[in-house]
Structure formats: C-alpha cells, structure tokens
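Here are my comments on the model you sent.

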Amino acid sequence: MLRWVERFLLDLAAAAIVALGLLITASVLLRITLNSGIPDTVVMVAELMVAAIILPLAATIAARANIVVEVLSQHFPGRVQDCLVILGGVIGLLALLPLLWAGYREAASAIESGGFFFGQLNLPKWPGRVLFLFGLIVCWVRLLVQVVADMRTFARGERIDTETGTNYMQEEA
Amino acid sequence: MDGTLIGIVAFLAVIGLLAIRVPIAFALAGVAAVGAFCIFAFRTGDFMPDRAIRPTSSLVFSNFFDLIHSYDLSMIPLFVALGHIAYRAEITTAIYHAARVWLAKIPGGVAMASVVGCGGFSAISGSSIACASTMGRICAPEMLSMGYDKRLATASVAAGGTLGSLIPPSVLFIIYGIFTETSISSLFLAGVLPGLLSLAGFLLVIWIWVRQKPGDAPAFTGEITAAERRQAAFAAWPAAALFIVIVGGIYGGFFTATEAAAISVALVTLTGFLQRKLTLAGFWAALRETGIQTTSIFLIAAAAKIFVAFIALTGVAPAIVGAVTGAEPNVIVLMGAIALIYLALGMFLDPIGIMVLTLPLMVPLVESYGLDLIWFGVVVIKLLEIGLITPPVGLNVFVISSVVGKSVPIDRIFSGLLRFLSIDILVLIIIMAVPALSLLIPYSV
Amino acid sequence: QTTLFFGEAGPNRGSRADAINYFADQVEEISEGDLSFDIQWGGALFKAGAARQGIADGVADAGTIIAVYFPQEMAAYGIADLPIQNPDPWVGMKATDELMRSSDQIQQNLADQNLVYIGTFTTSAVHIGCKGATINSVDDIEGLKVRGVGAYGNAFADQGANLVSMSIYDAYQGLDSGLIDCSQGYSYVVPALQWQEVIDSYTLLNWGQVGALGVFMNKDMFDSLSADQQDALMEAGRRIPDELGRILSTDNDAAVQMMRDQGIEVIELPEEERQKLVEAGSTYVDSWKETVGGMGMDGDAMLTEYRSLIDKYTEERDAQGYPWER
Ligand code: NA
Ligand code: NA
C-alpha cells in the first residue's frame, strides 16, 4: 500500500515536471510564432514546482536517497553504525515536525482566507500549500515506518541495509 | 543567551551531526530549528518557550516553501531531466563516443572534455547546481564505465560545475549586482576571463593527475580510422545542434536562460522519439529519476536556506565583520581576511545565503578602501564557487553524489576535489592580485 | 533598551533601503536610543512572498510588506496600487498614509492578522522604456512584447501588449536581445539597472504608482512596548513620505535628465491618451472593489476618500511646494 502510494506520488511529480516544461515551451512557441502567450505562466510553474519537489519526498526516503556523510561513521562497528542510521531517522522525524505544524497552519489559512496570486487569472494560493502539506505528511509517515522497521531489524540483531533502497527507476523501464 | 554563541555552537553541532551520519538536510534543518527556537525563546531575556513555537515553525516553513515555490528554479528539475532523458535517448553516449574517438591519444581526454563541456554549458545556464547536475548526469557515469578512477570521474564534473556562475549568464552575479548597485552586464563581462582561467586550471589539474597516475584514466587502445572519426562526430550532431539552438536562442532574444531549460528538454525528447532511441518507458523512468534526484538536492538546499535564516538571527556575520574592521587592517590583510570569512562560511552555507548575510556589511568596508566593486564581485563569486566543493556542506558534491548514487561515497568525491581546490586557490590569488584580469573586458567595451 | 528585528526582502541599497535606514534612524532618535533595529536585508529571514506571515508570526518584529503578494489579505492597502490617476510619489504616500492611519476598519482587519501599520513607501510613478519601439499613444502598445507587472501589466495586456514574464533584473538582457520591446519601470531604476544602454525611448505615462508597500509590525510585539516606544515608531513611520518623496523626486528627475542627455527620446503621454489608460485600468479598480467588498468593506467609500486625500495633498503641494522645498 505504502509502496503504491510512494510510486503514485512520484509519478505525479514526474507529470508535474512534464507539465511545467510544456507550459514554458508552449509560452515560448506562442511568443515566437503568434506574439502571444499563456497568462500567469510564472504562477502555474511555481505551483507545479511544489508538486515536483515535494511529492517524491516519500519515495526519496524509501530509496534511502538522503545524502549522508560516512567519512567517520564507516570506521565504527556495524551495530554502532546501525544505531546512527536509526538516530538519523529520529532526528529527521523531529526536524520535520515544525514544517508539518506550519504547513498545516499555512494550508488552513490559505483555504480560509481565500488568498490568491495577483495576475491575469488570480489563481488561488491553496493548491500548492495543500500539496506541500500532503507530500510532507506522506513523507513523515514513510520515515516513521522506515525508522520502526530499522529498529526491529536492530532488535533482531541483524544489520540494517542502507545500500539497496526501493528502486523506482528499474521497475518497469 | 548571546546570539553569536548560539551561532558558533550551531556550526559545531552541524559538524558533529554530519560526523555521526545524520542526513545532511536533517542536520541543517534540525540545528537551525533548535537554534532559532532558543533565540526566539530568549528574546525577552527570560526563557519563554511558548513564545518561540510560532516564529520558529513559520521561519522553517516559509524558507522551505519559498525556495521551491519558484519559477526561476524550475531550471533545476528541467536541466536534471535533460541529463536523464539525453542519456536514455543515447545522445550523451554519442557525444562520449565522439570524445573517446577524437581524444583517444590525450591522456585523461574525456575528463578534460567533461570540464570543457561544463564551460560550454555555463554559457546557457545561470546556476552552478544546474550545471553540475546536467553535466554530472552526462559525464560521470560514462567516465566510470570507461574505467576512470572514481575520484577523477566525479571530482572533475563537481569542479567543472562551479564554472556555471563565473561564466555568464549567472544568477549569483545578478544578486551581487542588486546588492552593490553595480552594472550586471559589466559583472557578466568581468566573469568571462576568470571563468576561462578557472577552466584552464581544471584542465591543468587533470593533465597533471593523469601524468602522475596514468591508470586513473585508461587510454583507448586500438586503431581509429579517419572514417570512424567522421562517423563518430556525425553521430553526435543532435548534441551540437541542441547547443547551437540554445545559445542562439538565448543571445538572439528568442527565450530567456530560464526558458532555455524547458526548450532543451523538449528538443531532446523530440529528437529521442524521432530517432526511435527513446521509448515511452525510458522517458518515464528518466522523469522518475529526475524526481528523486531533484528532491534530494532541493531538500538540502531548503535546509541550507533555513540555516541561513537562523544564522541571520544570531548576528554571527556582523560579529565577524566587526572584528575584522576593528583591526583596521591594510588592504592585503583585509582581502585575506575576507577570503577566509567567505571560505569559512562557504563550508556550511549556500552562495545566495552568504551574499545576503555578508554583502550589506562587506560592501561599505570594501568601498572605504577604494576597491573596485566589479572586481570585488568576481572575487566574491569565485570564493562562493569554491564553497560549493568544500566539505562538509558542498552542494555540487551532493549533486554529483545524487547522480552516481552509492557507487562513489561522498568522501571519495571530496578527496578527489583536493587537487581542484588547490588550483582554485591559486586562481583565486591571481584574480585578487591582478584586477585587470576581471576589469579588462568590462572597462574596454 | 530594545532591539527589534526588521525583515526586508530587498537589498540594502537603493531608495527603499535609504527610506528604511532613515526610518530606523528616526526611531532611534525619537526614542532617544531606547529602540533600535537589526535590519536583515535580501530576504535573509523571509522573502517578499512570506513577509506577511513572517511578521505576523514574529519571525521578525517588523518588516516591509508588499501588498501585491497578498491581494486578498492586504486588499485594503492595495488601494495604493490601483491604476487610478495618482502619479506623484509624495502625494500618493501622504494620501495612503493618512487613509491607513485614519481607518478603524483597516486597522481592525490588520489587527485580526496580528499586524500593525507603521508607515508607507512607494516605488513612484510607473513609466515604460522601449527599444526599437516608441509609445506615443495608447494604440502604439498593441503588439509590443512588454515586461509588465501588477494591474499596470494587466492593463497593458488589455491594450494588446504581449506580456512577457521576467524579473526587473532580467529586463536589461531582455531589451538588449530583443526578447522584449518594452519594460515597465520607474525612472530611478533606469540608471540603477543601466537601461539607458539598451533603450531608445522612454514614455512618461504619468498614470499611477505601485504604492502599496510599507512597514508593518507584529501586533503582539507592538502591544508589549511602552506608549513612548509605540509613539516613536508611529512618528518615525509618519516621517517616511517626506524623506522618501525627496529622495525619489531627486533621483527620478536626475534619471530623466540623464536619459535626455544620452539622446534617449523622452515622451510625455498626452493628457487624452493618459485618460484612456486610466479608463482601461477601471477593470482592475472594479475587481479590487469586489475583493474588499467580500471582506465587508465599502470599496466605493474608500476610493472616494482616497481620491479626496490625493486632491488634498495635490493642493498642498501646489500651494506650498514639497516639504523639502519649503
Ligand atoms: Na553561467
Ligand atoms: Na562547502
């Protein structure tokens, strides 16, 4: 289930990248050929950027694509290294809390106040903020599941596998 | 509690957390959140944690959200996608085949070609990160598969990526120009020669490296006929055509540097499908890779942005600059001190953050010594570029790391960069000692 | 002795920076050193798009809010951005300042957002510089590729311009390469961004200004200050228009003179042509009225009051000259 959600969100992010690329390309082509354009491209691209960056967060966690420095820790005993992996996850869970709280407040206030972007279309502010909150919640849950799983592995006395995260690229291609 | 003290403790805490393998983004964001919380809680003198929750969460959120909610930065996922799609459309392989065939006799030729490619890409991209990610995706895996030493293969593109901001167009020069009210077009011109000098320096590093350790860059063995060369060059035409279209488009007034990213992706995708080398599945897989890679880069960049906001609250930057000013140094000592400050901040913070924190303090100081602000801009940008490849927080290194994955550990990339860093310091000293290098073009146009 | 954090999205140079520094100095002077500001430039704490929340949440105690980023939440203040006839920076600022101070309704709306109004800035009158094109009349706008922003940009689009999105800092290259024909701007911006190198005509629209940007404070922090400190802040805010008006007037006049000296064709849009633009802008005045109406405010009444304030300060200027000339 979780895996399906992660991949679906990653696909949505891929679609967002296609969409913002097409939007910019189309506005350039319209300008060159017809001296016309697409209103509020800047706002729409910025909103799509939120989707493109935030939705893959859970998949990034699952892929263990978080960048870490192992200069020192690689010399530690295996059990200590695994403790540090768990610690890193716990710090991540804590570091994301203020973001979740503020993200919730922002999304709620954008919906409540009816805030919008000034422009030719006066597009609403809530979609990007709601997407941000949504992507973050899924990411937090994914990280929690990973940390709990790592703790179990550790309790069983086994090593945590940080090398092979879920690979979303080689599944179908 | 003293803000400067909190700031210094925070820098140490980041080093400590990174050393025990805490993911970089979590370490930066976590320390920044705790530090900001302390500052807000101690605002009135007494410890009032309830008053700190709202400003802390607001600071963390807005700096994260505003970084990604950006039209201009759409250039980064697009250029990352460009690298992945071009790879799957076999366009990059064609370039590499051509480079391999043509540069077979030159030791380390492909690494040199990668650095020159970075220089060329800098002319269409205003961002070092975009430069490193695109060229990294194109060059690093090819070099690794050709049996290049891992450090050479990754470090050369991480260093080459730093050309992105010295060679115009350049986002960093624009921001510097805004802060100093100097001509952005003059700054762009001023960056050209120092950019080319840096490029030459990187080529020299590779040349010496490969002379000392020929095994790090296996030469192509076997005979190559003239026909093979022609064939290889011809097969690389999509890349050459793309480059001409993009450069012509930007400088001919058809699209902006930001729009160029989208146009490049569209052209590469179209070419790939038309040549029947790109499949729909390959295209989608490339986009998934782009999603994961962009997110891990932006996660660190956003965390660094949050850290900058926290450092602004601490007052560390004015404290350091105040200490330098108080000593009333001569010009040479002043410039040395400034270089050290930027190198130290560059270890942790991102270039834009450093400029925002320091320029309001530095510029009046530099002006009071009667120094040229255009030249000083080139010095600052070069220093910031060096910061992109210094440990512990080196954004270009993380970008390359997100391309090559776990096959090359971060510390290997950093250790490969040592030689590039030493030549960078030499180039920096030349830029500082010979202002004419920067000022020749802008003042003669 | 209290030090307050001030968050500003722009750089520490230029007319707005001068006005902020002036404001901070005035606060320090009036409070006799009791209050001072630690100004964070360049969006170090928050960017323009997050200024409202940043100040309301106490990330900074005070800062600059630019209303165009918050057309809903800062709707009332947005009156100073409307494309009505309002080209004089000093007059515009004085009218905006008085409206913001005197309206209980606006202050209540701000208080609900945990904000207090302190003082107002302006970017001064909107004009337009072009390369390879000359705007002598409203009809000339049709078919031009224009970098335009806010309601003024929309109004250009309504006249048949093709709006191109780019930042004001990219406009130089845009004009130079021919990507755009014209860029909306302000006179003092021309020398700052070297536009004189790339434009060959500059049309003074004498139309309106982007005036809805100013200093706001976190209400909790404001309320926790002593009455004397609060008065110092308010008085310093009240002094901004005279100082910024002086700076802008000097800089703008010098910029226009410089352009004339460089052989750039400087055109004053004729009265009847300007009237066409003002009429064209009425769509945006109407949609603004709708927005404030949705918040329970009477847009027509506010606009009537604002126009009468513009008239009042225009008369004062005509009778006595600008304060710095008296
Ligand atoms: Na560049
Ligand atoms: Na660094």
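**Notes on the predicted model**

1. Chain B brings 56 residues to the contact and chain A brings 67 residues, contact meaning heavy atoms within 4.5 Å. This is a predicted model, in which local features need pLDDT of at least 70 and side-chain atom pairs count only at pLDDT 80 or more, while totals for chains, interfaces and linings use all residues. Residues are numbered from 1 along each chain as its sequence is written, chains are lettered from A in the order in which they are written, and side-chain values use heavy atoms, without hydrogens and water.

2. About 5600 Å² is buried between chain B and chain A, 75% of it from carbon and sulfur atoms. Buried area is the accessible area (1.4 Å probe) that two parts lose on being put together, summed over both. On the chain B side, Arg21(B), Phe26(B) and Arg288(B) lose the most area to chain A, together 16% of what that side buries.

3. Two salt bridges are counted between the chains (a side-chain nitrogen of Lys or Arg within 4 Å of a carboxyl oxygen of Asp or Glu). One of them joins Arg288(B) to Asp11(A), at 2.7 Å from N to O.

4. Helix H18 of chain B covers residues 373–387 (helices are DSSP runs, H or I, of at least four residues, numbered from the N terminus). Of its 15 residues, 15 are buried, that is, under 20% relative accessible area with a 1.4 Å probe, protein chains only.

How values were computed:
Helices (H or I, at least four residues) and strands (E, at least two) are DSSP runs, numbered from the N terminus. The expected span of a helix is 1.5 Å times one less than its number of residues. Buried means under 20% relative accessible area, exposed over 50%, partly exposed in between (1.4 Å probe, protein chains only).
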